[in-house]
Amino acid sequence: MSTAMAAASTVGVVPTHSFTQCCKVSSLRGSSFLNAGRCQLSVTRTAALSFRRPVAPSLRVYAAQGESERSYVMVKPDGVQRGLVGEIISRFERKGFQLIGLKLFKTPKELAEEHYGELKEKPFYGKLVAYIISGPVVCIALEGPGIVASARKLIGATNPLNAEPGTIRGDLGIDVGRNVVHGSDSPENGLRELGLWFDDDELIQWDQHMTPWLKE
């Protein structure tokens, strides 16, 4: 018997009692993780909004390309209902911009009002807010050099009937009240809007391995 135990030790077999202890530690860790998750999920959306701040511009700098920017793009309720989410995201990915945040989201009224706050005096403000909270939206965070202006070109004019063919709105929309997608109109607004719609830990910094094939 002692010979068999020695052989087991030589080939690296873990004793049964050690394996049991490992399982207990893993179980405890898993339990702690789940409990922490439950605590986090218990925070109300209203409380979360009160802690939102503009996303810190921890942006990369690309040689000969200038400073990278971040932009907030949102597939509006009509785009989600029509099943256009994948096509819209793919337009930005095929262009070469990096996806750093993505989620399906039901918009609280308070957030919609804050997002469109600069339009509060417009006669269509109430209708616009009601439209945005009428169904789920898809929140998209993108990063890349010159992305704000380029994303606006990919999206097209506000009125789809005036948008150029080949743009998202030019190809997929016919009515200004159902123009499929939103995009930040300036780098400053890009950071402000990302701060409204995403928590910092929802934005993922990662290495895009195709970057050398996109930029010198």
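Start by selecting histidine 182 and everything around it: leaving out residues up to four places away in sequence, it touches Tyr72, Val73, Met74, Lys76, His115, Ile155, Arg169 and Glu193. Touching, or contact, here means heavy atoms within 4.5 Å. Histidine 182 sits in strand 5 (residues 181-183); strands are DSSP runs of E with at least two residues, helices are runs of H or I with at least four, and both are numbered from the N terminus. With a relative accessible area of 12%, histidine 182 is buried; buried means under 20%, exposed over 50%, and partly exposed in between (1.4 Å probe, protein chains only). An unreviewed UniProt entry annotates His182 as "active site", and such annotations may be inferred rather than shown by experiment.

Before you go on, a word about what is on your screen. This is a predicted model, where local features need pLDDT of at least 70 and side-chain atom pairs count only at pLDDT 80 or more, while totals for chains, interfaces and linings use all residues. Residues are numbered from 1 along each chain as its sequence is written, and side-chain values use heavy atoms, with hydrogens and water left out.

Next, click on lysine 76, in the loop between strand 2 (66-75) and helix 4 (77-81). Is lysine 76 buried or exposed? At 7% relative accessibility, lysine 76 counts as buried. Its side chain and that of asparagine 179 are joined by a polar contact of 2.7 Å. A polar contact is a pair of N or O atoms within 3.5 Å; within protein, one must be able to donate a hydrogen and the other to accept it, and residues adjacent in sequence count only if both atoms are side-chain atoms.

Zoom in on phenylalanine 124, in the loop between helix 6 (109-115) and helix 7. At 43% relative accessibility, phenylalanine 124 counts as partly exposed.

Move along to helix 7 (residues 125-132) and colour its buried residues: Tyr125, Leu128, Val129, Tyr131 and Ile132. Looking down the axis, you will find these buried residues within an arc of 160°, so they line one face of the helix. The arc is taken from the directions from the helix axis to the C-beta atoms.

Finish at threonine 167, in the loop between helix 8 (147-155) and helix 9 (168-172). A polar atom of the threonine 167 side chain lies 2.6 Å from the backbone oxygen of glutamate 164.
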